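The sequence and the model are shown first, and the description follows.

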Amino acid sequence: MIKTERILHLKSCRGRKVRVVREHYLREKVPCYSSLCQADCVNDGKLLPGDLIHYVVPDVGVVVDYLEILELRELQGIVFTQTACQGVQHSKGRRQYNRLRNLLRDPRHDCVLFANEFQEYAYCPREKGESQEKWQTRCVYSAAVWYYNHLAGMMDVVMITEDQDAVAQYSCLNSGVYVISVQDYLQNFWQELQAAHELYSSISQTLQEKESVSTEKEFTEHLPAEVLEAGIKSGRYTQGTLNVNKYRSQNEASVRPEGFTNKSTDLSREVLVYGNKNRNRAVHGDTVVVELLPKSEWKGKVTALTEGQGEEKSGEDNDSKPMPTGRVVGILQRNWRDYVVTFPLRDGTQSQSRNSQRILAVPWDNRIPKIRISTQQAEALQDHRVVVRIDSWESTSLYPNGHSVRVLGRAGELETEIQTILIENSINVLPFSDAQLKEMPVNSPEKPWKVDPAQATERRDLRKSHLVFSIDPKGCEDVDDTLSVRSLAGGTLLELGVHIADVTHFVAKGSLTDLEARSRATTYYLADRRYDMLPAVLSSDLCSLLGGVDRYAMSVLWELDAQTLAVNKVWYGRTLIRSSYQLHYELAQALLNGEQAEVPELVRLGSEEKDAKLAELTQALERLTHVARHLRAHRDRGGALELEGVEVRAQLDKEKNITALVPRQPLEVHETVAECMIYANHWVARKIQEAFPHQALLRLHPPPRVEFFSQLVESANARGFTIDTSSNKALAESLDAAVDPQDPQVNRMLRMMATHAMSQALYFSTGALPQEMFYHYGLALDFYTHFTSPIRRYADIVVHRLLTAAIAMDKGSSSSEALDSNRELEEISHHINSRNRAAQRAQNLSVQLFQCLYFKDRDPQTDQCCVADALIYSIRDDGVLVFVAQYGVKGPVYMKNREGQVVAVGEDGSCEWQSGSVRRYSDHITTTSGCGTSTFRLFDHITVRISVQSSRCHADSLNLEVISNKPHRSAEPQQPQQHQGRSQLVQEVVRQAEEASQQAQEKAARRPKLSREEREFSQSKSPNLYLLLEEIRELALMDPRLTAQVCASTA
């Protein structure tokens, strides 16, 4: 080891230049991370393959400006030097540096880090008078030469640089070490890699046409980091994430402070940032520092529905009460990502040069400002969606500068819009690589998968002793969970079992499949498709607990007292199961109701055997339902909430054309399965928390902020109900009491408001929070985690590994895999939480896309599908917000349009636009016109017409227009010819209902008295009125022309 000195020229916090001398140690042995190494380097970690034609060493400038190209997986054998990495850190900041570090850590990319500045023969001390750029280029070239010599000439080395002087100086010095430009490298070695060429062209144009510095600044400069840090500590400034209002993106944004350490009470609340000037070049999602404005300049959030009307008026009419208002004085962390944009229509006003045109592209997300890019394809891509990235935003520019990455496709096409949704939520789901698929077990007709005899010995075999079955949605392929219930000890005990796919047996920690699953974090479900977290051989086959085949499982078995259902003991372990029945929800519910239903697994059996097995299955379902009711009642006593969400399913035909929008119909069996899964998650959480109190992955649900309940409380008061939000138990009891016997949708709407007010449940590591914060508010449980869906959630895989380690600990042995530390678990938790939010947003956006597709080709003036009943749930200054239950749609209904006209109601309830005025009250809104005064109250039912409002640059949206102040009746006496088929179907269901009712009355005298369970829960086993009405409702939603077709649907 050789000791030298390294001189650094730094700047102090006051801007003074400081000369720092540091000790610098050089070593002869520094890892090269090449599989061709003959010098016995200690190469721990991934190695560069030896079957390439060359290694490539990018210089500092290339890594700083063209890192996106180097991130392409097709490029292999990349050696990043320590010099280049430090250059990125100093010139691009922490975010870009972390991006480079993650690239180096990712085993899916063939790239390594070479510590050239610690290698005795590669290190180059900086010469006197030598510029920083020249010295860095010399260091990288010296590293490239060392690499070639170290590998004894077995691998050529290509250094790529954009410095033409370096190309001329170094290209002929050493044979086997080539120095060429990035463009020449791509043309000579990657001519077919179109993505790399497009990226290079786009980035090069951006670098060549940097905006000239203007003498007049458009924005104030951001304060230095040390000033921001001191201001945050003193309480003068606050930091938080900028959240731009998507409905009023031009003017309204807010910052919610992080933590509660601020000394000023005003800074502990949400801060409004009004206008682009006060936003000071911050983009939605950036972590910013905010300074409060004087109270005389505070504003309130706009409460009108339309942005235009909110801007035209000032004062208290359209604004809420003033709130803390501030301006951005600094940006701590940029949150720039890939953005989808649309090029503007060419009007001749865009600046042009000889080879390119500078345009202002309009982002699909209207919270993002226009992005200025240079391109040669502006005219050809006017109707296309294009992915761009922001490079910089100078204080002299009104807009950020960026470059295009790739073209998605023509706007409006389904595949383009789906890809837009994925990119806007940073969801990158490439096909699984060959290397990942090689890790997978084989299951083919030629080589079927079989149970390993060693595993059969180690696991508890439940194939003959337990009746195991699954209950899932129709068409489900990724069956995570199965259930079992049986009587023990002569009926004095019950055994409840939850059996979950043993994914961790097939996915080893640290494997390529594991890393990919961790990166995805979840399976992404869209309206017409899904993107699996795991390869199909696992998710749809070997890890899917399909019926009639042997599968590995992780099981939890409870021994319960048959009378009290108290837990006597719990067993956790790996099992071998064979599911006897693969039921769907509707079939299971039909069996519970005593209806005639065909179980596929019993079709080929004889009559006697079939009846016996059907009775056995039905008894198991009834026992399971009994246990689930008890579990739910126990949680209800603790304060568990029964919330409501908007869940709508898009029915698709074989060509994936949308044929109907169907709200999810709740069944008791849904609750039965959910309760069993919650029970398993709770007990597994207790187990791993006891075993690993400082490094277990749990899930918490924090209590919501009181102010988030304001709309719920005010709306309930308008209907005469009182909502107590002091605790989850008080809230649950209040919601249970807030029932209008005449209108069940009122309670449903209140529960949806409560759901909207909830905080988001989050994963966390137990070592990061005190135990009193572990509580799950919604489920009323002290410990909770996710264990039951490892096929589609990475968190469950982590929990399975923790449970395996806990079981091994109980047996006195150690786990075969090292557990993640508290810090590593926290990183995993943050990543999974982020991906879950992205998955939820993408799913919602895809449903909205298909809602628009459903109505897009329909004529709203003539098609009765475009007319629906809507419930008013919120009052605004110039309209109301409504919920259309039939289609699961929420949206605004304007009472005043842009021309100043208001909704006038005629004597028959029909509405039209007339001149007049609007006045808002707490629980209603009135319109006054030549027809008189009309009132629309909270929870009133009105009739709306649904149409699609198309947008060239953004997503299409649904437009709701009130056409009657009366509820919509879907079945009027006079029906058009096209709806006669639907009427006949309804009549047929009514006829069947009358026959069933008559048969039920005839059997009533012979029927034994109701059991205690049936009396307590009013659960009739014969076809009941509720189910018949639900069937009528489903038929009413269907198009009569499609009733005979089997419509594909997604989970």
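Why is strand 32 (residues 867–876) largely enclosed by the rest of the structure? Nine of the ten residues of strand 32 are buried, so the strand is largely enclosed by the rest of the structure. Buried means under 20% relative accessible area, exposed over 50%, and partly exposed in between, with a 1.4 Å probe and protein chains only.

**Basis of the description**

The model is predicted: local features need pLDDT of at least 70, side-chain atom pairs count only at pLDDT 80 or more, and totals for chains, interfaces and linings use all residues. Residues are numbered from 1 along each chain as its sequence is written, and side-chain values use heavy atoms, with hydrogens and water left out.

**The chain as a whole**

The secondary structure comes to 27 helices and 40 strands. Helices (H or I, at least four residues) and strands (E, at least two) are DSSP runs, numbered from the N terminus. Of the 1051 residues of the chain, 50% count as buried. Among contacts in the chain with a separation of 6 or more, 67% come from residues 24 or more positions apart, where contact means heavy atoms within 4.5 Å.

Strand 32 pairs with strand 33 (residues 879–884) in the antiparallel sense over five bridges; two strands pair if DSSP finds at least two bridges between them. These strands form a hairpin with two residues between them, and Arg876 has Gly879 of strand 33 as its bridge partner. Strand 32 is also joined by five bridges to strand 39 (residues 941–949), again in the antiparallel sense. There, Leu871 has His941 of strand 39 as its bridge partner.

Strand 15 (residues 357–363) is also largely enclosed by the rest of the structure, because seven of its seven residues are buried. Both of its faces are covered: Gln357, Ile359, Ala361 and Pro363 are buried on one side, and Arg358, Leu360 and Val362 on the other. Strand 15 pairs antiparallel with strand 13 (residues 338–342) over two bridges, and Pro363 is the bridge partner of Val341. Five bridges join strand 15 to strand 16 (residues 371–375), which run antiparallel; here Gln357 stands opposite Thr375.

Another open sheet has four strands in the order 35-36-37-38, with antiparallel pairing. Its edges are strand 35 (901–905) and strand 38 (932–937), each with a single partner strand, so one side of each lacks a neighbour in the sheet. Here the twist averages 50 degrees from one strand to the next. Strand 37 (residues 924–929) is joined to strand 38 by six bridges, and the two run antiparallel; Ser934 is the bridge partner of Thr927.

**Helix packing**

Two packed helices are described by the angle between their axes and the distance between the axes. Axes are lines fitted to C-alpha atoms, for helices over the stretch in contact, and angles run from 0 to 180 degrees between N-to-C directions.

| Helix pair | Angle | Axis distance |
|---|---|---|
| helix 12 (residues 414–424) and helix 24 (residues 822–856) | roughly 155 degrees | within 10 Å |
| helix 20 (residues 710–718) and helix 22 (residues 744–757) | about 160 degrees | 9 Å |

The angle makes helix 12 roughly antiparallel to helix 24. Angles under 35 degrees count as roughly parallel, over 145 as roughly antiparallel, 65 to 115 as roughly perpendicular and the rest as oblique. On the helix 12 side, Leu414, Glu417, Ile418 and Ile421 meet Ala842, Leu845, Ser846, Leu849, Phe850 and Leu853 in helix 24. The residues of this contact divide into eight nonpolar, one polar and one charged. Ala, Val, Leu, Ile, Met, Phe, Trp, Tyr, Cys and Pro count as nonpolar, Asp, Glu, Lys and Arg as charged, and the others, Gly among them, as polar.

Helix 20 and helix 22 are likewise roughly antiparallel to each other. Gln711, Leu712, Ser715 and Ala716 in helix 20 meet Leu750, Met753 and Ala754 in helix 22. This contact comprises five nonpolar, two polar and no charged residues.
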